[in-house]
Amino acid sequence: MTALERVMLRIQRKLCKLPLNPLNISNTQGKFLEYFKGFDKVEAVRGIFGEKTFDVLSNLKVEFTWIKGYMYVDGSDGHLVISKAYLQNGDKTDIYLNVINLTKRANCF
């Protein structure tokens with residue numbers, strides 16, 4: 001994520017907290033398994049979390065942002081932040097591997 005994208009993300013988060021959103025900027029948020037159905041059955045993910053796979057992933061939150069970039073773990077609470085553009089245009093193998101990697105990092109929170 002570039003410096004400009006980081007600044008835009010901070011501005012967007014502040015605007016979303018206002019009672020009125022003048023730019024109509026919003027992110028989609030939800031539970032990880034609502035968007036990544038069946039991910040708890042992936043062998044690589046089960047190899048990381050073992051018996052706790054479903055519990056870990058069902059407690060993980062995900063946020064889809066309009067800001068271009070990739071994906072990362074939000075340092076404030078450990079949820080995943082994923083660029084909608086990256087999901088639509090990125091290489092599917094890269095996305096798959098990034099999601100596996102970041103679920104492992106998010107579990108550290």
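**Close-up views of a predicted model**

**View 1. Contacts made by Phe39.** Once neighbours within four places in sequence are left aside, Phe39 touches Phe32, Leu33, Val45, Leu57, Tyr96, Val99 and Ile100, where contact means heavy atoms within 4.5 Å. The model is predicted, and local features need pLDDT of at least 70, side-chain atom pairs count only at pLDDT 80 or more, and totals for chains, interfaces and linings use all residues. Residues are numbered from 1 along each chain as its sequence is written, and side-chain values use heavy atoms, with hydrogens and water left out.

**View 2. The aromatic cluster.** Phe32, Tyr35, Phe36, Phe39, Phe64 and Tyr96 form one aromatic cluster; rings of Phe, Tyr and Trp (its six-membered ring) pair if their centres lie within 6.5 Å, with planes under 30 degrees apart counted as stacked, over 60 as edge-to-face and the rest as tilted. By this rule the count comes to seven aromatic pairs. The ring centres of Phe32 and Phe39 are 5.5 Å apart with their planes at 75°, so this pair is edge-to-face. Phe32 is buried at a relative accessible area of 0%, and Phe39 is also buried, at 9% (buried means under 20% relative accessible area, exposed over 50%, partly exposed in between, with a 1.4 Å probe and protein chains only). Tyr35 and Phe64 make another edge-to-face pair, 4.8 Å centre to centre and with 65° between the planes. This pair joins distant parts of the chain, since Tyr35 lies in helix H2 (residues 32–35) and Phe64 in strand S2, 29 residues apart; helices (H or I, at least four residues) and strands (E, at least two) are DSSP runs, numbered from the N terminus. Tyr35 is partly exposed, with a relative accessible area of 37%, whereas Phe64 is buried at 8%.

**View 3. The largest nonpolar core.** This core has 22 residues, and those with the most contacts inside it are Phe32, Phe36, Phe39, Leu57 and Leu80; a nonpolar core is a set of buried Ala, Val, Leu, Ile, Met, Phe, Trp, Tyr and Cys residues joined through side-chain atoms within 4.5 Å. At least two residues each come from H2, helix H3 (43–49), helix H4 (53–59), S2, S3, S4 and H6, and H6 gives the largest share, five residues.

**View 4. The open sheet.** Four strands in the order S1-S2-S4-S3 form an open sheet with mixed pairing, two strands being paired if DSSP finds at least two bridges between them. Strand S1 (28–31) and strand S3 (71–73) are the edge strands, each pairing on one side only. S1 and strand S2 (residues 61–65) pair in the antiparallel sense over four bridges, and Gln29 has Glu63 in S2 as its bridge partner.
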